Each structure stands twice: as structure tokens, then as C-alpha cells.
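The sequence and the coordinates are shown first, and the notes after them are grouped by topic.

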Amino acid sequence: MIGNLPFVVCIVLVLLGLWALLFRRNLIKVVIGLKIIENGVNLYLVATGYVQGGVVPIWTYAPPDAAMVLPTPQALTLTSIVIGLATTALMLAFAVVIHRHKGSLDGRKVTELSG
Amino acid sequence: MSVVVRTIARILVPVALLFGGYVILHGHLTPGGGFQGGAVAASAVALLLVAFGTSAVKGLKSPLSVLEDLGGVAFVVLGFLGIGYTFFFNVLAGSGGLFGAPVAPGPNPGYLNTGGTLPPMNWAVGFKVIGGLGAVVVLFALFGGGDDR
Amino acid sequence: MRRWIVLAAFLVVAGCLLLGAARMRPFGAPRLALMDRYFNAFSQGEAATNNVVTAIVFDYRGYDTLGEATVLFTAVVGVALILRRIRR
């Protein structure tokens with residue numbers, strides 16, 4: 001338990017975002033909750049690749065005889081960050097359009113698609 | 001914004017662009033790369049918007065969109081360079097030409113003339129990210145405002 | 001009523017995630033790192049670059065980056081399409 005405390009902290013971050021996602025009505029706060037979830041998942045992925053006493057996986061002036069952390073989670077987290085940014089821009093654009101049409105940012109009032 | 005913000009923005013916009021260019025240029029040697037440097041350089045557009053208002057970035061929409069398209073096309077063309085082997089094969093690595101100097105294994109000081117197709121791809125993706133993020137910021141500034149504008 | 005159902009679902013998800021994280025392997029000792037060790041050892045020879053992460057993003061997994069660039073382009077087009085005013 002104490003050895004994998006960073007994973008637990010990342011999961012706590014995910015749960016905070018999930019709480020905002022479930023119990024907040026303002027669409028901007030919902031978007032912020034989604035970003036918190038995404039950052040928690042990204043931290044979790046990067047923490048997965050950490051090696052004890054490792055250095056960054058870059059050979060420029062690398063200290064000799066030092067283990068390197070795993071590079072693949074970092075590369076895929078980079079992909080994830082950019083895609084998350086694109087989806088955030090889209091979500092904020094949808095929030096702007098909803099505010100323009102409804103006059104408020106309350107998510108409960110968007111009921112056109114509810115059955 | 002006030003004159004203090006505008007003065008500092010005039011100083012910091014070239015600095016942000018220069019630092020973004022540095023991060024992109026040294027993407028194959030130091031931490032960073034096309035995405036990170038592009039994001040840093042695109043923050044200059046956001047700074048312009050915050051400091052000088054919508055009118056300062058109105059003319060940037062078309063150039064940023066063109067920059068993004070050019071970056072994407074350049075990225076795909078660089079990927080097609082290696083089509084003799086596989087898509088995205090690094091044909092320039094170790095060829096001795098441009099960006100083709102071989103790299104000694106192990107820790108080294110890092111030389112700019114290495115990396116094969118990676119530095120051009122960094123630049124392509126960097127331009128793409130500058131154009132994309134800058135265009136998103138400018139679009140929100142132009143069209144995301146109140147109803148009466 | 002609905003609020004209590006949502007809260008129960010949240011507690012179940014929270015319990016599962018926390019339990020999974022608490023029973024994860026120790027921090028800093030990854031298993032099954034063969035691919036990463038290969039990248040760390042051979043990216044200087046194969047991609048001629050010092051930055052292993054850049055070598056993975058642009059060389060070994062170039063397709064991912066191509067899809068990512070496509071997503072970015074789609075987001076910009078989508079924002080422009082959504083926010084555009086319809087002129088009457």
C-alpha cells in the first residue's frame with residue numbers, strides 16, 4: 001500500500017474530477033472536471049513508467065550508469081495530452097453555443113436529446 | 001488592458017516565440033519537441049489577445065489556418081519520404097547528408113545535425129500546433145463572445 | 001432519489017478504482033519493460049536521435065502522431081464550424 005502511494009494519489013485526482021462531473025450543473029465546471037480526470041489519468045500513465053532512481057530517457061549529457069525511465073508511457077501521454085486539448089476546445093465551443101441558445105450554462109436544461 | 005500589461009506583452013511575445021522555436025529546434029536533443037514548443041509559441045497568440053483585445057488578432061485567423069494546413073501537409077510528405085521501406089521510415093538517419101550525422105551510442109553532448117527526418121517532422125508538427133492552437137484561440141475571441149457582437 | 005443512486009454509483013466506482021490502485025505493483029518497479037529497454041538501447045542507432053521520446057513519437061509510432069495531427073485538425077475545423085454565425 002505505501003509502496004504505490006503515487007497511484008492512489010492519481011486515482012484520488014480522478015475521483016475528484018468524477019465528483020465534479022456528477023454533482024455540478026455548470027457546464028464549464030463539468031469541462032473542468034473532465035480535465036481533472038484526464039490529468040489524473042495522464043499522471044497515472046507517467047507514474048506507470050517510473051523506474052526507481054531513473055533519469056529522463058534522453059542521452060544528451062546523461063549521467064553514466066543510470067537507469068532510464070520507460071519512454072513509451074511518456075510518448076503516449078504526450079499524444080493523450082494533445083488529444084485532450086482538442087476535445088477541450090470542442091467541449092468549450094459546445095458550451096458557448098449552448099449558452100448562446102439557452103441563455104444559461106445549466107446542464108439540466110439541455111433536454112432535447114433526453115428520452 | 002492597461003499600459004503596463006501592454007508594455008510587458010510587447011516584450012514577452014517575441015520571447016515566447018523565440019523560446020517556442022528553441023524548444024522545437026532542439027526537440028531531438030533536449031526535453032521538448034514539436035507539440036511542446038508549438039504550445040509555447042501559441043501562448044504568444046493568447047498573450048496578444050489578452051493584452052491588445054480582439055482587434056489585434058483579427059487578421060491572424062487566415063495565416064494561422066494556412067500554417068496549420070502547411071504543417072500537416074509537410075508532416076505527411078515527410079512520412080512519404082520513407083515509402084521505399086515503410087511509411088514513416090527514417091531515411092535520412094545516418095545517411096551523412098542533412099540531419100544525417102550518425103550518433104555515437106551512450107551519453108554525448110548532442111549535435112544538432114542528427115536525427116534524420118525527426119527535426120523536419122518536429123518543425124512540421126510545431127507549425128501545425130502553433131496554427132491549430134492559435135486558430136482555436138482566435139476563433140473563440142472572434143465568435144465566442146456575447147450575442148450582440 | 002436520483003441523487004442517491006448517482007452517489008452509490010460514484011462510491012462503487014471509487015471503491016473499485018482505489019482498490020485497484022492500492023493493489024497495484026510497487027511504484028518504480030515496472031514489469032514487462034522489454035520494449036522500453038529496446039527503445040532506450042537502440043533509438044540512438046536506429047533513429048539517430050538522443051531524445052528517446054521524440055524517437056518513439058515520430059519514428060516508431062509515427063502513425064499515432066499522424067492520427068493525433070488529424071484529431072487536432074478536426075478540432076480546429078469543428079470549433080470553426082460550431083462557433084460560426086449563420087448570416088441571414
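Of the 115 residues of chain A, 26% count as buried, where a residue is buried if 20 or more other C-beta atoms lie within 10 Å of its own, exposed if 12 or fewer, and partly exposed in between, with C-beta atoms placed from the backbone. This is a predicted model, in which local features need pLDDT of at least 70, side-chain atom pairs count only at pLDDT 80 or more, and totals for chains, interfaces and linings use all residues. Residues are numbered from 1 along each chain as its sequence is written, while chains are lettered from A and ligands numbered from 1 in the order in which they are written.

**Confidence**

- The predictor assigns the complex an ipTM of 0.84 and a pTM of 0.88.
- Chain C has a mean pLDDT of 88, and 97% of its residues reach 70 or more; pLDDT is the predictor's confidence in each residue, from 0 to 100.
- Where pLDDT is low, the predicted coordinates should not be read in detail.

**Chain A**

- Chain A has three helices and zero strands; helices (H or I, at least four residues) and strands (E, at least two) are DSSP runs, numbered from the N terminus.
- The radius of gyration of chain A is 19 Å, well over the 13 Å that the globule rule gives for 115 residues, so chain A is more spread out than a compact globule. This radius is taken over C-alpha atoms, and the globule rule is 2.2 Å times the number of residues to the power 0.38.
- The C-alpha trace of chain A spans about 60 × 35 × 20 Å along its principal axes.
- L16(A) is part of helix α1 (residues 5-23) of chain A, and L16(A) counts as partly exposed because it has 14 C-beta neighbours inside 10 Å.

**Contact of chain C with chain A**

- This contact takes 37 residues from chain C and 40 residues from chain A; two residues are in contact if their C-beta atoms, placed from the backbone, lie within 7 Å.
- On the side of chain C that touches chain A, the largest share, nine residues, comes from α4(C).
- Helix α3 (residues 71-102) of chain A and α4(C) pack at an angle of about 10°, with their axes 9 Å apart. Axes are lines fitted to C-alpha atoms, for helices over the stretch in contact, and angles run from 0 to 180 degrees between N-to-C directions.
- α3(A) and α4(C) are therefore roughly parallel to each other; angles under 35 degrees count as roughly parallel, over 145 as roughly antiparallel, 65 to 115 as roughly perpendicular and the rest as oblique.
- The residues where α3(A) meets α4(C) divide into 15 nonpolar, two polar and two charged. Ala, Val, Leu, Ile, Met, Phe, Trp, Tyr, Cys and Pro count as nonpolar, Asp, Glu, Lys and Arg as charged, and the others, Gly among them, as polar.

**Contact of chain A with chain B**

- Twelve residues from chain A and twelve residues from chain B form this contact.
- The side of chain A that touches chain B has ten nonpolar, one polar and one charged residues.

**A residue of chain B**

- V103(B) lies in the loop between α4 (61-80) and α5 (118-143) of chain B.
- V103(B) is buried because 23 other C-beta atoms lie within 10 Å.
- Not counting residues up to four places away in sequence, V103(B) touches N108(B), T114(B), Q44(C), A48(C), T49(C) and N50(C).
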